[in-house]
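User: Please examine the structure shown here and answer some questions about its side-chain and helix packing.

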Amino acid sequence: EQKMYGKLGRIGLLAPTGNSVMEPEFYRMAPEGVSTHTNRVLLKDVTPPSLLKMEDDTVRSAKELVSTRVNVIAFGCTSGSFVGGEGYDGRLINMIEESTGLPATTTTTAVVKALRLLKLNKISLVTPYTDEVTKLEVDYLQSLGFEVTKWKGGGLIEVADMQECEPDVSYSRAVEVNNEKSDGIFISCTGFRTIENIEKLEQKLGKPVVTSNQATFADCLRIMGVKTKLKGYGSLFELI
């Protein structure tokens, strides 16, 4: 019987204002003894200027989590951590680590780690974003040596609109972008519901599926040294 929440580890999550999906998905994946504590980072809409402005609010938000005695801080926004191009995620990590003294990660950092762990070099990409933002992500992934064989966005700009997508949106879009050239599927965006689809898609398509929330959660567990084998959320958790 656990005497306190977060006995194995506490995740400090920086979630964009308007995101109502990331916390529930973290709670669903969490093994006994791991807790998630969230603070918000201001995000007006998912456009490059607004995404870049997130960094102005990041340090304040991260510092406020320190008193919760979290063990790791995750910047929980995919587009907000790739929008500045190669190396931008590392800059966000440095800002958080220097201002809090705690280890940090970002969703983009975690996704890249996940793709490399699963040896996925050629990927099909699914997003809810506009084509402009999705193309930035394609460029970002290709700058790191991944090949995006096919991609499909959803044309959404409002953060809250992304959260309203039913799970079958990410499911059907993943099936649509799958092709024989790709080694796996990456479903991007921490506000895009995917958690109940990962296992079903892996079985249907016969290849690994990485999602923003799954990869971020896995990276947090890895940083905290939590080795619990999670079942039901994809092959990534067999490797951490």
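User: Is Phe 217 buried or exposed?

Analyst: This is a predicted model, in which local features need pLDDT of at least 70, side-chain atom pairs count only at pLDDT 80 or more, and totals for chains, interfaces and linings use all residues. Residues are numbered from 1 along each chain as its sequence is written, and side-chain values use heavy atoms, with hydrogens and water left out. Buried means under 20% relative accessible area, exposed over 50%, and partly exposed in between (1.4 Å probe, protein chains only). Because its relative accessibility is 0%, Phe 217 counts as buried.

User: Which residue does the charged end of Lys 200 sit over?

Analyst: A charge sits over a ring if NZ of Lys or CZ of Arg is within 6 Å of the ring centre and within 35 degrees of the ring normal. The charged end of Lys 200 is 5.6 Å from the centre of the ring in question, that of Tyr 171.

User: How do the residues of the contact of H3 with H5 divide into nonpolar, polar and charged?

Analyst: Contact means heavy atoms within 4.5 Å; helices (H or I, at least four residues) are DSSP runs, numbered from the N terminus. Glu 55, Thr 58, Val 59, Ala 62 and Lys 63 in H3 meet residues of H5 including Tyr 88, Arg 91 and Leu 92. Ala, Val, Leu, Ile, Met, Phe, Trp, Tyr, Cys and Pro count as nonpolar, Asp, Glu, Lys and Arg as charged, and the others, Gly among them, as polar. The contact residues divide into three charged, three polar and six nonpolar.

Terms used. Helix = DSSP H or I, 4+ residues; strand = E, 2+ residues; numbered from the N terminus.
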